Amino acid sequence: AGRSREKLRAVLERAAERLGKAAFGEEVGVLLCDVGDAGSLATMARQTRLVLSCVGPYRFLGEPVVQACVENGASCIDISGEPQFLEGMYLKYNEKAAEKGVYIVGSCGFDSIPADMGVLYTRDKLKGTLTAVESFLSVKSGPEGVCVHDGTWKSAVYGLADEDNLKKLRKKIGYAPVPVVGAKLKKRGFLFYNQEFKEYCIPFMGSDGSVVKRTQRYLHTEFQETPVQYGAYVTVGGLGSVIKLMFAGMLFLLLVKFNFGRKLLTKYPEFFSAGRFTKEGPTQKQMDGTSFTMTFFGEGYSEGQDPQNGKPNVKICTEVKGPEPGYIATPIAMVQAAVSLLEDAASLPKHGGVYSPGAAFSKTKLIDRLSKRGVEFSVISKPEV
């Protein structure tokens, strides 16, 4: 479904070439709809159990799809990494979705399934009580380098510019505080050297931290599970990379504060991101040569040990790795989340609503489905006292 019949047909033809026409069976239907036409979205939503929403930036284009799905009884999955959109949808549509018995599950792409499900996987592999996890994302590229479409860039520009409104939104929601169990996880500085990776690291600026926190709050509130503290970081390389990053970061943060600056950033993404973000997106060669690894370092308390007393006495290291994050791993994550929603219905939360991935899929077979399709979860070092 989309705005252009010709583009939709072209997508189907490309898919048929790659997968073989037999994979499609009968003719695949095409629906014309536009986020600016509520009637067309309603017509689409009434004809399905589940919509996969790939429109972005979601802060501008996502809500009409969610609204149409909730009002017409279809569930919806998206790949947004925009906390303000994700939490705004919770505030506006959680109760309506529950009444309709539909599931609205955001951030089901690279943002933030590897992080959210990775924390749950780490928890399940520890024999004891997991109380804190730090994740470190490393993205490796081939000779062609890494490139991302400028839609993600726009989301970052407008998200950082609107941070104050995100704080107001969270006050309006009135989140219950998540209790700290076990030793408090120390926040690291903006830049630090990690001995494990022999690289400098910075906090990960995506939605992972906020999504994991929502999941942990839900699991604690609904099932009295021990909440896990979480810190998300990304490796950035050696000193040369750090200097370039700091210069680009300061310029970005300065420009993003002003309307004129935001216009410049969104008009010339390639210039301001040193070629990392473009209006064309990555080439096939760039995608083929890129992969990611997310490493989780967890700590907690062995069986029989009270997490409220004493220091953590057990550690574990796990990993989620996969192909190029934005255009290969993200579709895998989104489609397998959709399959889990349809086929693992008995393991979903009892009531419809607006959920984070971990809240929706913690009891489903999603991790197994992902591992079979190239986004692999594994234990690197078993729990050690």
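1. Let's start with the aromatic cluster. Ring pairs join Phe136, Phe192, Phe197, Tyr233 and Phe297 into a cluster; here rings of Phe, Tyr and Trp (its six-membered ring) pair if their centres lie within 6.5 Å, with planes under 30 degrees apart counted as stacked, over 60 as edge-to-face and the rest as tilted. By this rule there are 17 aromatic pairs. Please keep in mind that this is a predicted model, in which local features need pLDDT of at least 70 and side-chain atom pairs count only at pLDDT 80 or more, while totals for chains, interfaces and linings use all residues. Residues are numbered from 1 along each chain as its sequence is written, and side-chain values use heavy atoms, leaving out hydrogens and water.

2. One pair is worth a look in your viewer. A pair of aromatic rings is described by the distance of the centres and the angle of the planes. Phenylalanine 136 and phenylalanine 197 make a tilted pair, 5.5 Å centre to centre with 40° between the planes. Phenylalanine 136 belongs to strand 4 (residues 128-140) and phenylalanine 197 to the loop between strand 6 (192-194) and strand 7 (199-203), so the pair ties together parts that are 61 residues apart in sequence. Helices (H or I, at least four residues) and strands (E, at least two) are DSSP runs, numbered from the N terminus.

3. The cut-offs are under 20% relative accessible area for buried, over 50% for exposed, and partly exposed in between (1.4 Å probe, protein chains only).

4. Another pair is formed by tyrosine 193 and tyrosine 200, edge-to-face at 5.1 Å centre to centre and 70° between the planes. Tyrosine 193 is partly exposed, with a relative accessible area of 38%; tyrosine 200 is partly exposed too, with 23%.

5. Charges also meet rings here. The charged end of arginine 188 sits over the ring of tyrosine 233, 6.0 Å from its centre, and lysine 363 lies over the face of phenylalanine 223 at 4.2 Å from the ring centre. The rule asks for NZ of Lys or CZ of Arg within 6 Å of the ring centre and within 35 degrees of the ring normal.

6. The largest nonpolar core has 49 residues, and Ile77 and Phe361 touch the most other members. Such a core is a set of buried Ala, Val, Leu, Ile, Met, Phe, Trp, Tyr and Cys residues joined through side-chain atoms within 4.5 Å. Helix 14 (residues 325-343) gives the largest share of this core, seven residues. A second, separate core of 22 residues includes Ala45, Tyr58, Cys69 and Ala74.

7. What does phenylalanine 361 touch? Beyond residues up to four places away in sequence, its contacts (heavy atoms within 4.5 Å) include Ile77, Val105, Cys108, Met117, Ala337 and Leu366.

8. Helix 4 (residues 63-72) has Val65, Val66, Ala68, Cys69 and Val70 buried. The buried residues of helix 4 pack against several elements, among them helix 2 (38-46), strand 1 (50-53), helix 5 (83-100) and strand 3 (103-105). Just after helix 4, glycine 73 takes a positive phi of about 75°.

9. Serine 75 is found in strand 2 (residues 75-78) and counts as buried at 6% relative accessibility. A polar atom of the serine 75 side chain lies 3.0 Å from the backbone nitrogen of tyrosine 103. Leaving aside neighbours within four places in sequence, serine 75 is in contact with residues including Arg49, Cys69, Tyr103 and Leu341.

10. Proline 114 lies in helix 6 (residues 113-125) and is buried at 4% relative accessibility. Proline 114 touches Gly109, Phe292, Met294, Phe296 and Val320, not counting residues up to four places away in sequence. The C-alpha atoms of proline 114 and valine 375, 261 residues apart along the chain, are separated by 8.3 Å.

11. Threonine 290 sits in the loop between helix 13 (284-288) and strand 10 (291-302), and counts as buried at 5% relative accessibility. Not counting residues up to four places away in sequence, threonine 290 touches residues including Val139, Gly145, Pro323 and Pro325.

12. Finally, a record to set beside the model. The unreviewed UniProt entry annotates residues 230-256 as "transmembrane region"; such annotations may be inferred rather than shown by experiment. In the model, the span is 63% helix and 30% strand, and the end C-alpha atoms of residues 230-256 lie 27 Å apart.

Conventions
A polar contact is a pair of N or O atoms within 3.5 Å; within protein, one must be able to donate a hydrogen and the other to accept it, and residues adjacent in sequence count only if both atoms are side-chain atoms.
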